[in-house]
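Dear colleague,

Please find below the structure that I am handing over to you.

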Amino acid sequence: MTRLTVERRIAAPPAAVFDWLTDVSNYVQTRTVIRARRTKDGEGALYGVGAIREVTAVGAWFRESITHYDRPNEFRYLIVKSVPAIEHRGGSVQLTPVENGTHVTWTTEYELPLRSGGALVATAIAPILERSFRSILAAADRSLTRR
């Protein structure tokens, strides 16, 4: 199994960061995400539990289901379908208030089945995923701290 964690401090309140990160349409502000949209509303909030998000990125497509929604502290998701196929163990985005902002911790765990290249490819794509997560967090930072 591959576990990936990316962290960043964003100079904005947790609620603003949470709202930006749960709204997957914001992800197109990066170079790696081509299209991103919500295809099903969640319970009690657009991106609440049960919401479905679809992301088309350079070289990949993901359908994610929101499995936990605790605004503004944390949301969790599970990739339920993807190309290439992955066996996702879950992802979480945790937001912690810090002086003058929010500390974000984004973690995901996954495996690639043999038909998608197995452990060797899973390890090889980890840096690409890490750059994508960092790019999304940087876009959130730019968007939320623009003066």
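Is glutamate 74 buried or exposed? Glutamate 74 is buried, at a relative accessible area of 13% (buried: under 20%, exposed: over 50%, partly exposed in between, with a 1.4 Å probe and protein chains only).

This is a predicted model, in which local features need pLDDT of at least 70 and side-chain atom pairs pLDDT 80 or more, while totals for chains, interfaces and linings use all residues. Residues are numbered from 1 along each chain as its sequence is written, and side-chain values use heavy atoms, without hydrogens and water.

Glutamate 74 belongs to strand β5, residues 74-83 (strands are DSSP runs of E, at least two residues; helices are runs of H or I, at least four; both are numbered from the N terminus). Beyond its neighbours within four places in sequence, glutamate 74 is in contact with Phe18, His68, Tyr69, Ser92, Val93, Gln94 and Leu95 (heavy atoms within 4.5 Å).

As to confidence, the chain has a mean pLDDT of 91 (the predictor's confidence in each residue, from 0 to 100).

Yours sincerely
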